[in-house]
Amino acid sequence: HRRTRRSSWRDHRGHGRRIARELHDSLTHSISIIKIQAGVAVHLARKRGEPVPDALVAIQETSAEAVRELRSTIDVLRAAPETSSNGNGVDRLSELVERTRLTGLEVSLELTGTRRALPPEVDRAAYRIVQEALTNVTRHSGATAATVTVDYGAEGLTVQIDDDGTALPDQPPVPGVGLIGMRERVTALGGTLGAEPRATGGFRVSSRPAHRGGPGAVIRVLLVDDQPLIRGGFRALLDAEDDIEVVAEAADGKAGVALAIEQLPDVALVDIQMPGVDGIDATRRIAADERLAGVHVVILTNYGIDEHVYNALRAGASGFLVKDIEPADLVQAVRVAARGDALLAPIITQRLIAEFVSRPPDAGHPAGLDILTNREREVVALVARGLSNDEIAERLVISPITAKTHVSRSMTKLGARDRAQLVVFAYESGLVTPRS
């Protein structure tokens, strides 16, 4: 199956290069002529002291943008990511916002989280989503202001556009105004897109393009355990799945961290107790390395919930599993962790809560409450109570996508890598107490 997928990918790349060649030889050349002619006309008019028509300036700027877009598309089709930075991406959103302001719409741009390099197709998709959403706002919404938020969150990149237009809370999205194109663009990358009226009026578009590949992408797994038989059993189980591949094994935490840097797996299954560098220290090192921001550490333990597990969650683990887990559950757990979702079922979260209730607050833990908005505090408290995103949305009368966005932003602000650490924060900071 993997050989078939790789062969199909090579065929796809060859087809992409042919399309790129046709675009370069025809469309790019024609638009470049328009750009040059418009640029010459603007230059000569200004040199003569004559007024320059707004339409002519618009032709010059739009054609220049179109050329950049085409070159970026050609680079992606040629599978040449090293040149894709010349196209439109998140770094050029400020220019897009400035051009949109010229239409009379007041637009603000907010970038949150720790900036990191994005795959070229994701970077470009984020730009195009904002571009198409702002175009819809200026043409169809009757809005006077819009806010663009790009969040480099722990669960992935989130792009959100809010406006104050005339959409009502119970009004469905208007078809045919770019939403179909945006959804197709995101779906092709394995991501999600939501479009809905806001409870306070206006409209919201929220998207999370995938960071790694699209549908059919193989999940890369690193095994770190000092028992060869356990590693061998897990490898045999996971390698039997078409969408999962064990890329490396390590017998201790030090080697595991080195292999994580070398292989950049999606998921690292790490034994909690190993000689030398143990699972907790290995997790801490992975969580502290910006290069490994996309690696989700899942702790393996023989003992269920114990002191070591709490320390691992504080160190940055995304969740934990007992080693005698059912095979089908292990496979599903790897897929859940790779998506960036929390690997803590509500019953596990409730047991974590029960354990925290029996412990005194950690006086040395920074509160950090002042950096959260009131809504984010509400959301974090509900996460600590074991509620899923859908349950939080129902409780607060918001959409599941909005709930997930609040969770992601809270994680970013608090430096948490997963929901498990939000639980830790909620109790250790005093946001949630046993009887609150």
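Predicted model: local features only at pLDDT ≥ 70, side-chain atom pairs only at ≥ 80, totals over all residues.

Colleague: What share of the residues counts as buried?

Modeller: 46% of the 436 residues in the chain.

Colleague: And the secondary structure, how many helices and strands?

Modeller: There are 15 helices and ten strands. As for contacts with a separation of 6 or more, 70% come from residues 24 or more positions apart.

Colleague: On to the packing. Which residues have the most contacts inside the largest nonpolar core?

Modeller: Val130, Leu134, Leu157 and Ile161, in a core of 29 residues. Helices H3 (93–101), H4 (120–141) and H5 (179–188) each give two or more residues to this core, and so do strands E2, E3, E4 (192–197) and E5. H4 gives the most, with eight residues.

Colleague: What does valine 130 touch?

Modeller: Leu93, Leu96, Val148, Val159 and Ile161, leaving out residues up to four places away in sequence. There is also a second, separate core of 26 residues. Leu259, Val295, Leu313 and Ala317 are among its members.

Colleague: Which strands pair with E3?

Modeller: E2 (residues 145–153) pairs with E3 in the antiparallel sense, over eight bridges. In that pairing, aspartate 151 stands opposite threonine 158. E5 (residues 203–208) also runs antiparallel to E3, joined by four bridges.

Colleague: How many bridges hold E4 and E5 together?

Modeller: Six, again in the antiparallel sense. Proline 197 stands opposite phenylalanine 203 in E5. The two strands form a hairpin with five residues between them. Glycine 201, in the turn, has a positive phi of about 100°.

Colleague: Which residues have a positive phi although they are not glycine?

Modeller: Leucine 264 is one of them, at about 45°. Valine 397 is another, at about 60°. Most residues other than glycine have a negative phi.

Colleague: Where are those two found?

Modeller: Leucine 264 is in the loop between helix H7 (253–263) and strand E8. Valine 397 is in the loop between helices H13 (389–396) and H14 (400–414).

Colleague: Why does leucine 264 count as partly exposed, but valine 397 as exposed?

Modeller: It comes down to the cut-offs: exposed means over 50% relative accessible area, buried means under 20%, and partly exposed lies in between. Leucine 264 is at 36%, so it counts as partly exposed. Valine 397 is at 67%, so it is exposed.

Colleague: Last topic, helix H10. What span should its twelve residues give?

Modeller: H10 covers residues 327–338, and at 1.5 Å a residue it should span 16 Å. The expected span uses one less than the number of residues. The end C-alpha atoms are 17 Å apart, which agrees.

Colleague: Which of its residues are buried?

Modeller: Leu330, Val331, Ala333, Val334, Val336 and Ala337.

How values were computed:
Residues numbered from 1 in each chain as written. Heavy atoms only, no water. Buried < 20%, exposed > 50% of the residue type's maximum accessible area, 1.4 Å probe, protein only. Pairing = 2+ DSSP bridges. Core = buried A, V, L, I, M, F, W, Y, C linked by side-chain atoms within 4.5 Å. Contact = heavy atoms within 4.5 Å.
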